[in-house]
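Have the model open as you read.

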Amino acid sequence: SFEPLYDGNIEVINNFSEIEFSGKKNTESRSLNYDFIYIGRLSKEKGIDSLINAFSDLDFSLAIAGNGPLRKIVEESALAFANIEYLGELKNSQVSQCLSLSKFMILPSKWYENNPLSLIEAFSLGVPCVGSNIGGIPELIEENKTGFLFDPFNTESLKKTLEKAILLNKEEYSMYSDNCMKKYEQSLSKISHIMKLESLIRKIS
């Protein structure tokens, strides 16, 4: 049987977001323009092709922001489908604004993400996430608490998960938003990051 070489001697300290934490739930900030938003590199390993295929059969609105080798496909899809909008490549200062205009953030990645910063930024704004059940994503998204997970290699799994998310009522969505902000404050904020580092330093001193 496998026995971890350093079991009990490893501390995990997450990345943190530089977005200023407002303490306001997403539903309290402004009206929401998009059902889902993707912010990141436009490439095959990020699951962009699967994302577009899924939304081409759905009525939910999707905003896509970023740049990469699949940019032309995204632009063409935005022209072909009324529910898909391409926002272009965002500046850092625009990320929080666009996230705040979205009900959910989506991470359809097909490769092993470590600690996605976009997910942490979403949590800091109380935006629940829909993400691939692979790599470090399920370590951050708690199923039925801060978001939903799906099989990144199964488009039907993605569709069903999107439908499940969009069916949340106002009270349920508010609970998810609360949970995201609590998760951020407790383990993904700059302050919690510093506190964990200080604690680790004291342990090894």
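## Helix α7

This is a predicted model. Start with α7, residues 155–166: at 1.5 Å a residue, its twelve residues should span 16 Å, and the end C-alpha atoms sit 17 Å apart, which agrees. At the start of the helix, a side-chain oxygen of N154 comes within 2.9 Å of the backbone nitrogen of E156.

Quite a few α7 residues are buried: S157, L158, K159, T161, L162, A165 and I166. Their cover includes helix α2 (48–55) along with strands β1 (34–39), β4 (102–107), β5 (129–132) and β6 (147–150).

## Cysteines

How many disulfides are there? The count is zero. For C129, the closest cysteine sulfur belongs to C180, and at 6.0 Å that's too far for a bond, given a cut-off of 2.5 Å. C129 is buried, at 0% relative accessible area, and C180 also counts as buried at 0%.

## Aromatic rings

The structure has five aromatic pairs. One of them is F36 with F55, edge-to-face at 5.7 Å centre to centre and 70° between the planes. F36 is in β1 and F55 in α2, so this pair ties together parts 19 residues apart in sequence. F36 also pairs with F104: the centres are 5.4 Å apart and the planes at 20°, so this one is stacked. With F104 in β4, the pair links F36 in β1 to a part 68 residues away in sequence.

F36 is buried at 0% relative accessibility, F55 is buried at 0%, and F104 is buried at 0%. F36, F55, F60, F104 and Y173 make up one aromatic cluster. Over the face of Y173 lies K103, 5.5 Å from the ring centre.

Methods:
Residues numbered from 1 in each chain as written. Predicted model: local features only at pLDDT ≥ 70, side-chain atom pairs only at ≥ 80, totals over all residues. Heavy atoms only, no water. Helix = DSSP H or I, 4+ residues; strand = E, 2+ residues; numbered from the N terminus. Expected span 1.5 Å × (residues − 1). Buried < 20%, exposed > 50% of the residue type's maximum accessible area, 1.4 Å probe, protein only. Contact = heavy atoms within 4.5 Å. Polar contact = N/O pair within 3.5 Å; in protein donor to acceptor, adjacent residues only side chain to side chain. Phe/Tyr/Trp six-rings, centres within 6.5 Å; stacked < 30°, edge-to-face > 60°. Lys NZ or Arg CZ within 6 Å of the ring centre and 35° of its normal.
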